[in-house]
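Thanks for coming, everyone. I'd like to walk you through one structure today, so please take a moment with the picture before I start talking.

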Amino acid sequence: MGALPVFRWRLAPDGYATRRQLRARGLRPGGQEVAAMLERPRRRRPPLVAYLYRVDLAKPIRPMTPGRWAALAVANRARRTCPACRLDAGYVIPASLGTCVPCAYPDPHGPEREYPQ
């Protein structure tokens, strides 16, 4: 394969799209190679690059099956489960903490502390 055609930002011809643009149209690259590149120049830094795919070779996205929905639900539940207390935190456990917030920062006075009035 020869060198890829390179287009300047916003000057790509019709018939090319990025992955996001394909997805917005309900398409996916479908195994095709990158057809072209888009470059956005920046001052004192290398240009931003976006890869373009041919729209005519793109395939429709695969629909979500009941099995895929179930697998996604299991994966999301695992991301919400605290490894320390094994409870569903109700939010995705931050990778920076590794546990839910109450396990990462336990209350030094205990949960039953009375506050002066």
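Let me begin with a definition: helices (H or I, at least four residues) and strands (E, at least two) are DSSP runs, numbered from the N terminus. Two strands count as paired if DSSP finds at least two bridges between them.

A word on where this comes from. It is a predicted model, so local features need a pLDDT of at least 70 and side-chain atom pairs count only at pLDDT 80 or more, while totals for chains, interfaces and linings use all residues. Residues are numbered from 1 along each chain as its sequence is written, and side-chain values use heavy atoms, with hydrogens and water left out.

Now the sheet. In what order do the four strands of the open sheet run? The order is E1-E4-E5-E2, with mixed pairing. Strand E1 (6-8) and strand E2 (16-17) are the edge strands, each pairing on one side only.

Let's go across it, pair by pair. E1 and strand E4, which covers residues 36-42, run parallel and share three bridges. If you want to find that pairing on screen, look for Phe7, which stands opposite Leu38 in E4, and for Val6, whose bridge partner in E4 is Met37.

Next come E4 and E5, an antiparallel pair with six bridges. Here Ala36 sits opposite Leu52 in E5. These two strands form a hairpin with two residues between them, and Arg44 in the turn has a positive phi of about 60°.

Tyr16 has Arg54 as its bridge partner in E5. Keep Arg54 in mind, please.

Which residue does Arg54 meet in a salt bridge? The partner is Asp56, and the side chains are 2.8 Å apart, N to O. By salt bridge I mean a side-chain nitrogen of Lys or Arg within 4 Å of a carboxyl oxygen of Asp or Glu. As background, side chains of opposite charge can pair when their charged atoms come close.

How open are these partners to the surroundings? Asp56 is exposed because its relative accessibility is 57%, whereas Arg54 is partly exposed at 33%.

The structure holds two salt bridges.

Patches are made of residues with over 30% relative accessible area and no salt bridge; like charges are joined within 9 Å, and nonpolar side chains (Val, Leu, Ile, Met, Phe, Trp, Tyr) within 5 Å. Lys and Arg count as positive and Asp and Glu as negative, with His and the chain ends not counted. The place of a charge is taken as NZ of Lys, CZ of Arg, CG of Asp or CD of Glu. The areas themselves come from the Shrake-Rupley method with a 1.4 Å probe, and for residues only the protein chains shown count as cover.

Which residues gather in the patch of positive charge? They are Arg10, Arg40, Arg42 and Arg45. Arg45 belongs to strand E5, residues 45-54, and is exposed because its relative accessible area is 54%. Arg10 lies in the loop between E1 and E2 and is exposed at 75% relative accessibility.

There is a nonpolar patch as well: Met64, Trp69 and Leu72, with about 310 Å² of accessible area together. Leu72 is in helix H2 and counts as partly exposed because its relative accessible area is 38%. Ala70 is also placed in helix H2, residues 66-80, and is partly exposed at 43% relative accessibility.

One backbone detail before I stop. Most residues other than glycine have a negative phi, and most peptide bonds are trans. Arg10 has a positive phi, near 70°. Arg86 has a positive phi of about 60° although it is not a glycine. Arg86 lies in the loop between H2 and helix H3 (101-104), and is exposed at 60% relative accessibility.

Definitions and conventions. Buried < 20%, exposed > 50% of the residue type's maximum accessible area, 1.4 Å probe, protein only.
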